[in-house]
Amino acid sequence: MAGTTTSDWPDRTGEERGGPLIVTEDERLLDDLLRLCAAAGALPEVAHGLPAREGGWETAPLVIVGDDCAARMRGAERRAGVVLVGRDADDAAVWRLAVGIGAEMVLTLPDGERWLVDRIADAAEGVGEPALTVGVIGGRGGAGASTLACALAVTAARAGRRTVLVDGDPLGGGLDVLMGGEREKGLRWPAFSASRGRVACGALEESLPRLHSLRVLSWDRGAEVAIPPPAMRAVLAAARRRGGVVVVDLPRRADEAVAEALAQVDVGLLVVPAELRAVAAARRVASGVQMVLRDLRVVTRGGPGSREALGADEIARLLKLPLAGELPWEHGLLDDPARGVPPGADVRGPLARFSAAFWERALGGGHGAAGGGAARSGVSLGGASSGGAPSGGPA
């Protein structure tokens with residue numbers, strides 16, 4: 001059984017993540033697979049049977065086996081992540097070979113190229129559990145959705161979680177301004193407007209401005225005021241693949257780009273000031289959001305020093321939404337961005353306390369820590385219905 005030669009194992013610098021193991025003697029197929037690996041940004045290893053180097057079969061993040069070599073692989077130890085590439089998916093012999101080596105997928109080229117590029121890229125990036133993604137939407141203008149989105153992101157990063165804050169509202173003035181970092185170097189949305197297909201998650205993260213221990217994708221001060229739906233889909237998917245948490249500040253209008261974002265959101269928070277007109281406006285916003293996002297919850301927000309006309313439970317009842325929490329007014333927020341202080345920076349303030357309670361319920365202590373995804377099965381906010389919601393008030 002032939003193994004690999006020295007030239008088959010490319011020299012590694014230590015900076016690349018492990019790519020797939022390719023097992024084939026078909027030169028034409030090999031050329032195609034190497035091209036797909038290049039498109040995925042992965043450095044593959046090539047063998048003509050069970051690899052001679054110890055551990056290659058067991059440790060490769062993905063194994064791609066050509067049908068020309070599949071019969072020789074029957075004696076290999078069963079493992080996850082084996083793909084059989086055949087010439088004819090309708091050939092019953094190919095499926096028998098796939099069963100014999102425990103392949104998870106049988107595909108042909110070029111029909112299966114897009115799927116395989118994504119699968120190779122996942123293996124090269126070491127993709128694990130996707131980020132818990134929270135969308136924040138204002139029930140009306142000035143509700144404080146952007147402020148809450150920033151506070152959630154700042155609080156998650158302060159707890160050691162890998163965090164990306166995405167500004168999905170082109171007309172919102174820029175979250176980098178609200179975070180006090182509009183002059184920080186890094187790419188903004190216009191640089192990604194032509195993005196299609198797959199964006200490398202590591203490259204995305206490294207290209208964004210780093211503010212207060214998190215990455216921020218915001219807007220520049222240019223005239224561009226639209227996110228193409230394919231760009232929203234590609235960029236947000238890349239941010240999610242990196243793991244941790246992603247917070248998206250979304251506009252109230254439901255255009256195609258917003259729909260693409262909502263499709264990747266795990267839980268939505270609708271911020272509603274505690275007044276009757278705000279509830280009426282929020283009802284219209286909620287009806288549009290719920291066409292795409294099933295898990296939408298309401299956060300009521302108090303005003304500066306006034307007694308609220310409506311209680312949080314009553315607002316949740318009127319909107320027919322579960323209550324995620326009550327957020328008291330926090331003084332001094334309007335002056336903070338000019339001083340470079342982001343929302344949620346005051347760990348004893350209502351925003352930070354609300355955000356910490358939210359993440360504790362959603363992720364549990366220790367989940368989603370730096371370097372890993374949010375370990376979860378669904379999103380549970382515990383008692384985040386009316387009566388058991390986290391509060392920004394005193395403990």
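Biologist: What percentage of the residues of the protein chain counts as buried?
Modeller: This is a predicted model, in which local features need pLDDT of at least 70 and side-chain atom pairs count only at pLDDT 80 or more, while totals for chains, interfaces and linings use all residues. Residues are numbered from 1 along each chain as its sequence is written, and side-chain values use heavy atoms, with hydrogens and water left out. A residue is buried under 20% relative accessible area, exposed over 50% and partly exposed in between (1.4 Å probe, protein chains only). Of the 395 residues, the buried share is 52%.

Biologist: How many helices and strands does the protein chain have?
Modeller: Both are DSSP runs numbered from the N terminus: helices are H or I with at least four residues, and strands are E with at least two. The protein chain comes to twelve helices and 13 strands.

Biologist: In what order do the eight strands of the open sheet stand?
Modeller: Strands of a sheet pair through backbone hydrogen bonds, either parallel or antiparallel. Here two strands count as paired if DSSP finds at least two bridges between them. The pairing in this open sheet is mixed, and the order is β8-β9-β7-β10-β6-β11-β12-β13.

Biologist: Which strands stand at the edges of this sheet?
Modeller: An edge strand has a single partner, so one of its sides is left without a neighbour in the sheet. For one of them, the pairing with β9 (residues 214-217) is antiparallel over two bridges, with Leu 211 opposite Leu 214. The edge strands are β8 (210-211) and β13 (323-327).

Biologist: How many residues of β13 are buried?
Modeller: β13 pairs with β12 in the parallel sense over four bridges, and Val 299 has Gly 325 in β13 as its bridge partner. β13 is largely enclosed by the rest of the structure, because the buried residues among its five number four.

Biologist: At what angle does helix α12 run to β13?
Modeller: Axes are lines fitted to C-alpha atoms, for helices over the stretch in contact, and angles run from 0 to 180 degrees between N-to-C directions. Helix α12 (residues 350-363) lies across β6, β10 (245-250), β11, β12 and β13. Its angle to β13 is about 160 degrees.

Biologist: How far apart are the end C-alpha atoms of helix α10?
Modeller: The expected span of a helix is 1.5 Å times one less than its number of residues. Helix α10 (residues 276-289) has 14 residues and should span 20 Å. The distance in the model agrees, at 20 Å.

Biologist: Which elements do the buried residues of α10 pack against?
Modeller: The buried residues of α10 include Ala 278, Val 279, Ala 282 and Val 289. Contact means heavy atoms within 4.5 Å. The packing partners are β6 (132-138), α9 (256-262), β11 (267-273), β12 (296-301) and α11 (312-319).

Biologist: Which residue of β4 is the bridge partner of Val 65?
Modeller: Strand β3 (residues 63-66) runs parallel to β4, and four bridges join them. In strand β4 (residues 82-85), Val 82 and Leu 84 point one way and Val 83 and Val 85 the other way, and all are buried. The partner of Val 65 is Leu 84.

Biologist: What is the relative accessible area of Ile 101?
Modeller: Ile 101 belongs to helix α3. Leaving aside neighbours within four places in sequence, Ile 101 is in contact with residues including Val 65, Met 73, Val 82 and Leu 84. Ile 101 is buried, and its relative accessible area is 2%.
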